[in-house]
Each structure stands twice: as C-alpha cells, then as structure tokens.
Amino acid sequence: LINEIFAHEQEYLIEHGANMYDGVIDTLNELKEDYDLAIVSNCQSGYLNAFLTHYKLNELMTDYECAGSSPLSKGENIELVVKRNGFEKAIYVGDTKSDENASKEAGLPFVYASYGFGDVDEYAAVINSFEEIKDILTLIEKEN
C-alpha cells in the first residue's frame, strides 16, 4: 500500500510540484555557472527525480542519491556522491540534526539552513534564505 501511495505522490509531484522556497530556482541556475550541484536526501526512490522533472532542474544537477535507492546511511551517500563525481571540495547544506550528523560522517563542512525544519548544534556557516548560499560559498572558499 505504501508503495502505491509513493507512486501516486510522485505522479502528483511531477504534475503539480511542491512548495518551493523563494529564490531556489534562480539561485541554483546562478550556482551552476561555477559549481557542480548534487542532492542527497532521505526520500524514497523516485521522489527526487519527480521533483527535478517538474521544475526542469535535472540538467542543473551533476548527481543525486536518496535513501530509497541506496542501502547506505545519509553520510555514506554524501561520501558516495562526492567520490563518484570526483569533487575536490564540497559542502553539505541542510536543516536538521540528522543533516548535521551526516555531514560530519562524510567529513564535509555543514551549512545550516535556519529557515528549514530543525535545529542543529554545530555548523560551518548559517544561511537564513536560500539565496544567501552564494555569499557563504565565497567565504568557505576563502577559508579553505
């Protein structure tokens, strides 16, 4: 039953999309000019593809991985995406304690999206809107 629900959810998402934070699409388009972009999520298999398809963002993503497609932990999936694509430097942006922990497990700087769903204890930087990621990337590059 849950698999049928997920399938219908994905069909709905492809057609109707979901709530998107302001500035995400424009910011991703700007970032793609200078950076490789990837997504690692705890979602079910097919969800990310449905989301990316609706918003026509597939071409912006170098790679993505989700818990529903991989038996690995989120931190291991982050490491997998980094290694699979030969990224020399990477950060992980998230909004929950599990994102913070996964970033630590993967050995990456964690950027806390404070406008999201959770609270965290430690982070390399904080953003209060998605657009702020552009400024944070510049600072992190200078530090490393």
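Predicted model: local features only at pLDDT ≥ 70, side-chain atom pairs only at ≥ 80, totals over all residues.
Biologist: Which element gives the largest share of the lining of the largest pocket?

Modeller: The largest pocket holds about 1,800 Å³ of space and is lined by 50 residues, with Ala-38, Ile-39, Tyr-92, Val-93 and Phe-130 nearest its centre. The elements that give two or more residues to this lining are helix 2, strand 1, helix 3, helix 4, strand 3, helix 5 and helix 6. With five residues, the largest share comes from strand 1.

Biologist: Which element of the chain has the highest mean pLDDT, and which the lowest?

Modeller: For the chain, the mean pLDDT is 92, and 96% of the residues reach 70 or more. Among the elements, the lowest mean, 78, belongs to helix 6 (residues 133-143), and the highest, 98, to helix 4 (residues 74-85).

Biologist: How far apart are the end C-alpha atoms of helix 4?

Modeller: Helix 4 has twelve residues, and at 1.5 Å a residue it should therefore span 16 Å.

Biologist: What arc around the axis do the buried residues of helix 4 cover?

Modeller: The buried residues of helix 4 are Lys-74, Gly-75, Asn-77, Ile-78, Val-81 and Val-82. They lie on the same side of helix 4, because the arc that they cover around the axis is only 165°.

How values were computed. Residues numbered from 1 in each chain as written. Heavy atoms only, no water. pLDDT = per-residue confidence, 0-100. Helix = DSSP H or I, 4+ residues; strand = E, 2+ residues; numbered from the N terminus. 1 Å grid on protein atoms, 1.4 Å probe; cavity = no way out; pocket = protein on both sides within 12 Å on 5 of 7 lines; lining within 4 Å. Points joined across faces, edges and corners; volume = space filled by probe spheres on them. Expected span 1.5 Å × (residues − 1). Buried < 20%, exposed > 50% of the residue type's maximum accessible area, 1.4 Å probe, protein only. Arc of directions from axis to C-beta.
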